Amino acid sequence: MAVARLTDSEREELLRRHPEWSLVRDGDAIQRTFRFADFNEAFGFMTRVALLADKADHHPEWSNVYNRVEIVLTTHDAGGLSRRDAEMAKAIDAL
Ligand SMILES: C[C@H](O)[C@H](O)[C@H]1CNC2=NC(N)=NC(=O)C2=N1
């Protein structure tokens, strides 16, 4: 599905609204690291993100080590950041 990449100013807006996220991969993705009390908390969070992601048909690239979850958002169909990443960051931040 074709989806437009964010312009430079839309990218800046995304970072302004979601200051916990940083640009990675030459500005083609955003990344945030979450830390929890233990694995149980981390995996519970991942379960909630997974449900959101499947509903939105927009899936994170992520990894988990014990209580740490690292999430990278990018839009494969756009070859970079799109509004779908901004929407997913917003939904994840609201959890
Ligand atoms: C066919 C399906 O809608 C697409 O492959 C979706 C699935 N999930 C996706 N997730 C992400 N992160 N980027 C995409 O471009 C994407 N595309």
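1. The cover over the buried residues of helix α3 includes β2, α2 and β4, where contact means heavy atoms within 4.5 Å and buried means under 20% relative accessible area, with exposed over 50% and partly exposed in between (1.4 Å probe, protein chains only). Helices (H or I, at least four residues) and strands (E, at least two) are DSSP runs, numbered from the N terminus.

2. This is a predicted model, in which local features need pLDDT of at least 70 and side-chain atom pairs count only at pLDDT 80 or more, while totals for chains, interfaces and linings use all residues. Residues are numbered from 1 along each chain as its sequence is written, and side-chain values use heavy atoms, with hydrogens and water left out.

3. The buried residues of α3 are Arg84, Asp85, Met88, Ala89 and Ile92. Seen down the axis of α3, these residues fall within an arc of 135 degrees, so they line one face of the helix; the arc is that of the directions from the helix axis to the C-beta atoms.

4. The 4 strands form an open sheet in the order β1-β2-β4-β3, with antiparallel pairing, two strands being paired if DSSP finds at least two bridges between them. Its edge strands are β1 (22-24) and β3 (61-65), each of which pairs on one side only. Strands β2 (residues 29-35) and β4 (residues 68-73) pair over 6 bridges in the antiparallel sense, and Phe34 stands opposite Val69 in β4.

5. Helix α2 (residues 39-56) packs on the sheet, where it touches β2, β3 and β4, and its direction makes about 165 degrees with that of β3. Helix α3 (residues 83-93) also packs on the sheet, touching β2 and β4, at about 155 degrees to the direction of β4. Axes are lines fitted to C-alpha atoms, for helices over the stretch in contact, and angles run from 0 to 180 degrees between N-to-C directions.

6. Leaving aside neighbours within four places in sequence, the contacts of Leu73 include Trp21, Ile30, Met88 and Ile92.

7. Buried residues make up 36% of the 95 residues in the protein, and the C-alpha trace spans about 40 × 25 × 20 Å along its principal axes.
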